[in-house]
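Please look first at the sequence and the fold as a whole, and only then at single residues.

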Amino acid sequence: MKSKRIWVLAAAGAAMILAGCDAGPADGSGANVVEEDEPTEEEADEAEADEAEADEAEADEAEADEAEADEAALGTRDNPLPIGTQIEMGDWTLAVTDVTVDAAEQVMAENQFNDPPEEGHQFVMFNVDATYEGEESGTAWLDFSWAIVGSEGNT
């Protein structure tokens, strides 16, 4: 099993959403969220108490939620996965572990010939932990393509 940490850089608008890779559609439907390890007894008790509070709050919000149409699928623009969530795509386990929404300073410092982002755009950088779980071999920077979607739906 090989684990690699890769950095990806892209220009995008203010808001962003990471879209999938060539192993599945960009809406996240080609990926499975990796289940967390079993919690300790203390963590389970804490989670149970938190769940009771959350259930009460959910009941209050249920009426408002019913007014909305269907809830967006997990991993979509309207319901993105939290940073650090591991997903499985094909023979890979991936997790976006860090995001720098305005990476212009880092990009400009890296090379004197880099141009600043165009007006209304910005450089976005994100870190991905990628572990190949397959029988043969894989190369993350070759096996995946990434997209960052801006606040106006542009990539």
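Helices and strands are DSSP runs, at least four residues long for a helix and at least two for a strand, and they are numbered from the N terminus. Read in that way, the elements of the protein chain follow one another from the N terminus as β-β-β-α-β-β-α-β-α-β, which amounts to three helices and seven strands. Please keep in mind throughout that this is a predicted model.

**Confidence**
- The mean pLDDT of the protein chain is 74, and 67% of its residues reach 70 or more.
- Confidence is highest in helix α2 (residues 104-110), with a mean of 96, whereas strand β2 (residues 18-19) has the lowest mean, at 38.
- Over residues 5-27 the pLDDT is below 50, although this stretch has 72 contacts in the model beyond near neighbours in sequence.
- Where pLDDT is low, the predicted coordinates should not be read in detail.

**The chain as a whole**
- Of the 155 residues of the protein chain, 25% count as buried.
- The protein chain exposes about 11,100 Å², and carbon and sulfur atoms supply 45% of that area.
- Among contacts with a separation of 6 or more, 72% are between residues 24 or more positions apart.

**The nonpolar cores**
- The largest nonpolar core has 15 residues, of which Trp92, Leu94 and Phe126 touch the most other members.
- Strands β4 (87-89), β5 (92-100) and β6 (122-132) are the elements that each give two or more residues to this core, and the largest share, five residues, comes from β6.
- Apart from this core lies another one, of five residues, which include Ala103, Ala104, Val107 and Phe123.

**Trp92 and the aromatic rings**
- Trp92 counts as buried because its relative accessibility is 6%, under the 20% cut-off.
- Leaving out residues up to four places away in sequence, Trp92 touches Ile87, Ala130, Thr131, Tyr132, Gly138, Thr139, Ala140, Asp143 and Phe144.
- How many aromatic pairs does the count come to? The count comes to four, and a pair of aromatic rings is described by the distance of the centres and the angle of the planes.
- The rings of Trp92 and Tyr132 have centres 5.3 Å apart and planes at 65 degrees, so this pair is edge-to-face.
- Because Trp92 lies in strand β5 and Tyr132 in strand β6, the pair ties together parts that are 40 residues apart in sequence.
- Tyr132 likewise counts as buried, at 10% relative accessibility.
- The rings of Trp92 and Phe144 have centres 5.2 Å apart and planes at 70 degrees, so this pair is edge-to-face as well.
- This second pair links distant parts of the chain, since Trp92 is in strand β5 while Phe144 is in the loop between α3 (140-143) and β7 (147-148), 52 residues apart.
- Trp92, Phe126, Tyr132, Phe144 and Trp146 form one aromatic cluster, and within this cluster Phe144 is buried, as is Trp92.

**Thr85, a buried loop residue**
- Thr85 lies in the loop between α1 (41-67) and β4.
- Is Thr85 buried or exposed? At 18% relative accessibility, Thr85 counts as buried, because the cut-off for that class is under 20%.
- The side chain of Thr85 reaches the backbone oxygen of Pro82 at 2.8 Å.
- If its neighbours within four places in sequence are left aside, Thr85 is in contact with Val33, Leu94, Ala95 and Val96.

How values were computed. Residues are numbered from 1 along each chain as its sequence is written. This is a predicted model: local features need pLDDT of at least 70, side-chain atom pairs count only at pLDDT 80 or more; totals for chains, interfaces and linings use all residues. Side-chain values use heavy atoms; hydrogens and water are left out. pLDDT is the predictor's confidence in each residue, from 0 to 100. Contact means heavy atoms within 4.5 Å. A nonpolar core is a set of buried Ala, Val, Leu, Ile, Met, Phe, Trp, Tyr and Cys residues joined through side-chain atoms within 4.5 Å. Buried means under 20% relative accessible area, exposed over 50%, partly exposed in between (1.4 Å probe, protein chains only). Rings of Phe, Tyr and Trp (its six-membered ring) pair if their centres lie within 6.5 Å; planes under 30 degrees apart count as stacked, over 60 as edge-to-face and the rest as tilted. Accessible areas come from the Shrake-Rupley method with a 1.4 Å probe; for residues, only the protein chains shown count as cover. A polar contact is a pair of N or O atoms within 3.5 Å; within protein, one must be able to donate a hydrogen and the other to accept it, and residues adjacent in sequence count only if both atoms are side-chain atoms.
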